[in-house]
Amino acid sequence: MKKIITYGTFDMFHIGHLNLLRNLKNMGDFLIVGVSTDNFNKEKGKRTLIPFKQRAEIVASIKYVDLVIPESSWEQKENDIKKHSVDIFAMGNDWEGKFDHLKKFCDVIYLDRTKNISTTELKSSLKRFLSISQDDLKHAFDVLELLRRDLE
Ligand code: C2G
């Protein structure tokens with residue numbers, strides 16, 4: 001049984017995360033995902049919208065995922081690889097080279113990220129979507145002005 005492990009925050013779960021997990025499962029038989037805890041994200045300097053319990057539950061519900069473990073430190077990867085007899089450690093290539101030290105324990109691979117999507121981009125497009133356009137604001141003020149005059 002070929003076992004693969006990956007780690008991540010998986011905040012605002014999106015197609016980039018799903019593509020990675022699907023690709024990883026297609027490379028083996030058993031996929032373990034370490035989901036970053038809220039405290040560990042603080043250590044990573046990463047603010048998350050969705051709390052750990054929900055992020056972990058969403059990842060655990062993905063059909064490609066066989067086991068979810070909490071990721072609470074940078075250092076736990078070596079123990080996880082040994083404990084679960086992992087054959088492949090994999091990350092998206094924004095982490096290219098960062099975990100090569102784990103080659104002592106298993107294969108280390110970095111997969112291409114899915115283009116044009118990230119949690120950061122989702123947050124900014126949500127901000128744009130929710131912000132009222134200047135035209136809408138002006139139109140609202142014009143209507144209010146007309147109503148005010150009618151009431152005079
Ligand atoms: N990812 C991807 N394509 C995207 C966005 C993300 O392939 N468009 C991949 C990332 O490369 C990563 C995984 O999805 O392998 C999870 O991404 P994040 O939740 O952003 O994970 P990160 O905060 O980078 O945490 O110890 C490792 C860290 O916990 C990784």
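Some ground rules. Residues count from 1 along each chain as its sequence is written, and side-chain values use heavy atoms, with hydrogens and water left out. Because the model is predicted, local features need pLDDT of at least 70 and side-chain atom pairs count only at pLDDT 80 or more, while totals for chains, interfaces and linings use all residues.

Start with strand β1, residues 3-8. Strands here are DSSP runs of E, at least two residues; helices are runs of H or I, at least four; both are numbered from the N terminus. Six of the six residues of β1 are buried, so the strand is largely enclosed by the rest of the structure. Buried means under 20% relative accessible area, with a 1.4 Å probe and protein chains only. K3, I5 and Y7 point one way. I4, T6 and G8 point the other way.

Now the neighbours. β1 runs parallel to β2, residues 30-36, with six bridges joining them. Strands pair if DSSP finds at least two bridges between them. G8 has V35 as its bridge partner in β2. β1 also pairs with β4, residues 88-92, in the parallel sense, over two bridges. There, I4 stands opposite I88.

Next, R55. It sits in helix α3, residues 52-60. Is R55 buried or exposed? R55 is buried, at a relative accessible area of 1%. A polar atom of the R55 side chain lies 2.8 Å from the backbone oxygen of S36. Beyond four places in sequence, R55 has contacts (heavy atoms within 4.5 Å) with residues including V35, S36, D11 and D38.

Note on methods
Buried means under 20% relative accessible area, exposed over 50%, partly exposed in between (1.4 Å probe, protein chains only). A polar contact is a pair of N or O atoms within 3.5 Å; within protein, one must be able to donate a hydrogen and the other to accept it, and residues adjacent in sequence count only if both atoms are side-chain atoms.
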